[in-house]
Amino acid sequence: MTHRTTDYKRLFTPELVAVLFVWCMAFFAGEILAPILPLYMSSLGWDARTIGLMFSIMMVGIAISEVFWGWVVDRVDLKIAILMGTMMYGAIISVLTVSKTLPLFAVVIFLYGFSRSPIFIVGRWYMGVYAPPDMKASAMALLTISIS
């Protein structure tokens, strides 16, 4: 039993706890909008097809940002990526509520998708690089559990 406790002590460093905390708070802040966003768009008078298009635009933003933010983390700095991404994410979430026209909302929803990825990339990168080799699967599971 002592061996197992030692393994988890190697995984649960103060830095890991900070990464998990940021991961959880960022995910919560952004995803709390998920059930409300379609209702908000509907209240603007948009039909289901337009709402679906907006979510498709958001997913394109996510796809592009996975590559971009991965590059930032690899080439620039982990802390810069998470700081820039988190600030951008917060600002974009605030702008969503004032975007009432379809073209403006399309741009903002793209940026919303684009700014979601840094948090996820940084979490996965951190676990991939800093988790002990024999605990990488447990570390990635922690990220998934924190989303739940």
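Trainee: How many aromatic pairs does the rule count here?

Mentor: The count comes to seven aromatic pairs. Keep in mind that this is a predicted model.

Trainee: What makes Phe68 and Trp69 an edge-to-face pair?

Mentor: Two values decide. A pair of aromatic rings is described by the distance of the centres and the angle of the planes. For Phe68 and Trp69, the centres are 5.0 Å apart and the planes 75 degrees apart. Centres within 6.5 Å make a pair, and planes over 60 degrees apart count as edge-to-face. Therefore Phe68 and Trp69 are called an edge-to-face pair.

Trainee: Why is Tyr89 with Tyr112 called stacked?

Mentor: The angle between their planes is 25 degrees, and the centres lie 5.7 Å apart. Tyr89 belongs to helix H5 (residues 78-96) and Tyr112 to helix H6 (residues 102-130), so their pair ties together parts 23 residues apart in sequence. Tyr89 and Tyr112 are both buried.

Trainee: Which residues form one aromatic cluster?

Mentor: Phe68, Trp69, Phe110 and Phe114 do.

Trainee: Why is Trp69 called buried, but Phe68 partly exposed?

Mentor: Set each against the cut-offs. Trp69 has a relative accessible area of 1%. Buried means under 20%, so Trp69 qualifies. Phe68 has 33%. That falls between 20% and 50%, so Phe68 is partly exposed.

Trainee: How do you know that Ser65 is buried?

Mentor: Ser65 has a relative accessible area of 0%. That is under 20%, so Ser65 counts as buried. Ser65 sits in helix H4 (residues 48-75). Its contacts beyond four places in sequence are Gly70, Gly113, Phe114, Ser117 and Ile121.

Trainee: How do you know that the span of helix H7 agrees with its number of residues?

Mentor: Helix H7 (residues 136-147) has 12 residues. At 1.5 Å a residue, they should span 16 Å. The end C-alpha atoms are 17 Å apart, which agrees.

Trainee: What puts the buried residues of H7 on the same side?

Mentor: Those residues are Ala139, Leu142, Leu143 and Ser146. They cover an arc of only 95 degrees around the axis, which puts them on the same side of H7. An α-helix has 3.6 residues a turn, so residues three or four places apart point the same way. Ala137, Thr144 and Ile145 are exposed on the other side of H7.

Conventions: Residues are numbered from 1 along each chain as its sequence is written. This is a predicted model: local features need pLDDT of at least 70, side-chain atom pairs count only at pLDDT 80 or more; totals for chains, interfaces and linings use all residues. Side-chain values use heavy atoms; hydrogens and water are left out. Helices (H or I, at least four residues) and strands (E, at least two) are DSSP runs, numbered from the N terminus. Buried means under 20% relative accessible area, exposed over 50%, partly exposed in between (1.4 Å probe, protein chains only). Contact means heavy atoms within 4.5 Å. Rings of Phe, Tyr and Trp (its six-membered ring) pair if their centres lie within 6.5 Å; planes under 30 degrees apart count as stacked, over 60 as edge-to-face and the rest as tilted. The expected span of a helix is 1.5 Å times one less than its number of residues. The arc is that of the directions from the helix axis to the C-beta atoms.
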